[in-house]
Amino acid sequence: MTSLVRYLTHPQVDIDPAIPVPSWRLSEIGRARTHAVAGTRQLSRTTQIISSGERKAIETAEIIAAKLSLEVEVREAMHENDRSATGFLMPDEFQGVADQFFAQPQISVRGWERAVDAQLRIVREVEHVLAREKPGDVLFVGHGGVGTLLYCHYSGFAIDRTHDQPGGGGGYYFAFSREARRVRHSWRRLEDL
């Protein structure tokens, strides 16, 4: 039987400009969405849950892991693209810079990590885990930006924001086959698990 690899972006967070973005927590909506699907049948074959080291991703992974009686492995290098050069940006400004990040992947936009570098990093982390060849499905929990870069890689697409998760706030996943590394489906809502 083919094993599936799923990459899930954390759902909604409490946005607080006074707190560094990697330390943001899930909002009540984000928690409720995750709890609602944590024990679904589709996740029953999951044997590994791997999370970014950012708090919101860890919280998402821990909710799911608790329902499946699994441990969460934290991989610090799975973090979102490094945007520390600008810190918190208001939503409209952030979206404009994010558009540039994807449109010019070879360039550091306003000091952000380059998209090509973030893509190499997230692919390296995923491939390191998959090289273990542990039986069962794998669930990676992370972020929208690097998730889109990962999706582009496994889909064979050039880096482009048109392949980003469809809705604001996160809580989407895509899946690919572990053996062939072929995308099985594009972004779906967390509730479709």
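The model is predicted, so local features need pLDDT of at least 70 and side-chain atom pairs count only at pLDDT 80 or more, while totals for chains, interfaces and linings use all residues. Residues are numbered from 1 along each chain as its sequence is written, and side-chain values use heavy atoms, with hydrogens and water left out.

Let's start inside. A nonpolar core here is a set of buried Ala, Val, Leu, Ile, Met, Phe, Trp, Tyr and Cys residues joined through side-chain atoms within 4.5 Å; buried means under 20% relative accessible area, exposed over 50%, and partly exposed in between (1.4 Å probe, protein chains only). The largest such core has 31 residues, and Tyr 7, Phe 140 and Leu 150 have the most contacts inside it. Two or more residues each come from β1 (4-9), α3 (91-103), α4, β4, α5 (144-155) and β5 (172-177), with α4 giving the largest share, eight residues. Helices (H or I, at least four residues) and strands (E, at least two) are DSSP runs, numbered from the N terminus.

Take Tyr 7: leaving aside neighbours within four places in sequence, its contacts (heavy atoms within 4.5 Å) include Ile 122, Phe 140, Leu 150, Phe 174 and Trp 187. Apart from this core lies another, of 19 residues, with Val 13, Leu 43, Ile 64 and Leu 190 among them.

Now for the loops. Ser 69, between α2 (55-68) and β3 (72-75), has a phi near 55°, positive though the residue is not glycine. Ser 69 is exposed, at 67% relative accessible area. Glu 133 sits in the loop between α4 (115-130) and β4 (137-142); its phi is also positive, about 55°, and again this is not a glycine. With 65% relative accessibility, Glu 133 counts as exposed.
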